[in-house]
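I opened a new notebook page for this protein. Below is what I looked up, in order.

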Amino acid sequence: MGYVLSGATLIDGNGGEPLAKAAVHIEGERIAWAGRAADLPARARDCEQIDVSGKWLMPGLIDAHIHICYNGEESVFALLEKHRDELVLEAVDICKRVLSHGVTTVRDVGGEKYIEMALRKAINAGFIEGPRMKLSGRVISMTGGHAHFIAREADGPDEMRKAAREQIKAGADIVKLMATGGSATPGQDIHASQLTVEEISAVTEVAHMMGRTVAAHCHGTGGIRNCMLGGVDSIEHGTYLDEETADMMVANGAELVLTVGVGNPDLESYPLTPVQKADAERRKPMIEQGVKQIRQTIALARSKGIFLGCGTDAGGNPLAPHRFSMARELELLVENDLTAMDAICIGTRNNAKVLRWDDEIGTVEAGKYADLLLLNDDPLVNISNLRDIAAVYKGGEKV
């Protein structure tokens, strides 16, 4: 029979007007019915009724770009010197923390020693608490490319095919490429293209044959262009998108997964360690330029009709901690001229599509998993109310 959450204002993730005095009937892991409380079906009226009047109910958030194995507070190089067991134990805590912040699903696009694969198994078995996961395994870079210190380095189409197949063998749902330089790798030019079209095409051929998607880290325009010619499914970051590459993305049906927060790190709300201060100083010119550029990129992407997702890149560098990072991402989308409703839909419904999981999650609809976020105040009035959490439900269970 399940239970009914009754009386909240429902934001279902589809972009329509919120529904006041709503009810959601949950049976097992799934939503059995959602609508006006006055229209509750007879079979649900005998269930346990949980009064959540005065609250706001919405889908659980989905982080479409995260690194769950890294804490985002230390240098990645320092983390690599830790024993694997230390990383595992900290990652278990990160999983629990991320879920408690209302993020019920994540797409990890770069793990460490396949720890993320073990975490997913443990979560699915109920041994530890954490979000649902789609995973990429190790990122693939050229020799000496961006994040080569955690990557599976490969050169040429044949090596790229093998590298992609290795990740799929390990359990990857997505194959992640490093198509341009990145700021987290000291000494690199973020505009520089690092993979040829032939190398990219080899990976997409293998991944698509096996029913997987391909995501590519891209800042520079040349890298985005190469990825579109190579058949990549999603561009991660996309900082220097231009008219030509935007049109290519639309023609290819490719998604742009924005990561605004990692390029505009929070340097005020918590004390920075010496390592974080040093990284902030090193990256200061790139951060200042990126903050200006991403506003233009978002405006261009929206004007062209590119499908938008978003993620936090939490864990990706020392200034990307797992501290309400998805709430901050949506706050920054609103600062970049999106409405609160648009930001919420990107962080739920759209990200579910990026993960190719939109038949199961992302909106509050009958038949989908009961992954829900209950808030104490209205996020449409103030998007920061995403931090004011009353309860989180994953698969119908309050966590």
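I counted eleven helices and 19 strands in the protein chain. Helices (H or I, at least four residues) and strands (E, at least two) are DSSP runs, numbered from the N terminus.

I noted that this is a predicted model, where local features need pLDDT of at least 70, side-chain atom pairs count only at pLDDT 80 or more, and totals for chains, interfaces and linings use all residues. Residues are numbered from 1 along each chain as its sequence is written, and side-chain values use heavy atoms, with hydrogens and water left out.

Next I looked up overall size. The C-alpha trace of the protein chain spans about 65 × 45 × 45 Å along its principal axes. The radius of gyration (taken over C-alpha atoms) is checked against a globule rule of 2.2 Å times the number of residues to the power 0.38. For 399 residues a compact globule would have a value near 21 Å, and the protein chain agrees with 21 Å.

Of the 399 residues, 58% count as buried; buried means under 20% relative accessible area, with a 1.4 Å probe and protein chains only. Of the contacts (heavy atoms within 4.5 Å) with a separation of 6 or more, 69% join residues 24 or more positions apart.

Last, I picked one residue. Arg 120 sits in helix α4, residues 115–125. Is Arg 120 buried or exposed? Arg 120 counts as buried because its relative accessibility is 16%. Leaving out residues up to four places away in sequence, I found that Arg 120 touches Met 133, Lys 134, Leu 135, Gly 171 and Asp 173.

Technical notes: Buried means under 20% relative accessible area, exposed over 50%, partly exposed in between (1.4 Å probe, protein chains only).
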